[in-house]
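Student: I am new to this structure. Please show me how to read it.

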Amino acid sequence: MTEPPVGRRERKKAATRQSIADAALQLFLERGYDQVSIRDIADAADVSTTTVFKHFTGKEALVFDQEQDRESQLNAAVRQRAAGQSLLDALRQHVLDSWLPITAHPRIAEFTNLVDSTPALRAYAERMWTRHTDSLGAAIADEFGVDHDDLACVTLARFVLEIPALARGRQDRRAAVDAIFDILTQGWQPPAKPSAPPSS
């Protein structure tokens, strides 16, 4: 059966967008963010600069090319969770399913260093993080029928979005994610003091 033209067109647009993002990231990692121009990226992806700007608002957006989809998926985890599944369990599963595979990428350390060492990317990431917090907080608030600026909902959204950063340096990231969600679910408890060694 012949595939509808819209489907082919959308796939072609998605492939072009991905090709541009891949070329940009490769150049950024090789040369450094500030040493790469939009023209360099267009040439590497074999497209025009106009095509680059049709898909991305600027250089920063090329680095975080998946963030719009991730924000939508994060909200969907709340709004479209299974019947009977708690909000926190849905968010826990989403973080485990979406974030852990990213941490296994062979170039994740290079990517993290690129962002951390580039002021423009750090600033963009902070704005993006704030936008995600507002969006997730609104989705949580809607579930309980309260205002979007409800403090409890905004606080929960902020904590959830901090979980990847809190778990990043842990040896067992999955266990760390689970432990943090346990705290959110059950409430914070003071850690038990280690047992004193027996006296000789």
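**Reading the fold**

Tutor: From the N terminus, the elements of the protein chain run α-α-α-α-α-α-α-α-α-α. Helices (H or I, at least four residues) and strands (E, at least two) are DSSP runs, numbered from the N terminus. The model is predicted: local features need pLDDT of at least 70, side-chain atom pairs count only at pLDDT 80 or more, and totals for chains, interfaces and linings use all residues. Residues are numbered from 1 along each chain as its sequence is written, and side-chain values use heavy atoms, leaving out hydrogens and water.

Student: How many helices and strands does the protein chain have?

Tutor: It has 10 helices and 0 strands.

Student: What does UniProt place at residues 37-56?

Tutor: UniProt positions are given in the numbering used here, feature names are shortened, and annotations may be inferred rather than shown by experiment. Here an unreviewed UniProt entry places "DNA-binding region" at residues 37-56. That span is 75% helix and 0% strand, and its end C-alpha atoms lie 14 Å apart.

Student: What should I know about phi?

Tutor: Most residues other than glycine have a negative phi. D46 is not a glycine, yet its phi is positive, about 60 degrees.

Student: Where is D46?

Tutor: D46 sits in the loop between α2 (38-45) and α3 (49-55).

Student: Is D46 buried or exposed?

Tutor: Buried means under 20% relative accessible area, exposed over 50%, partly exposed in between (1.4 Å probe, protein chains only). D46 has a relative accessible area of 71%, so it is exposed. Of the 200 residues in the protein chain, 35% are buried.
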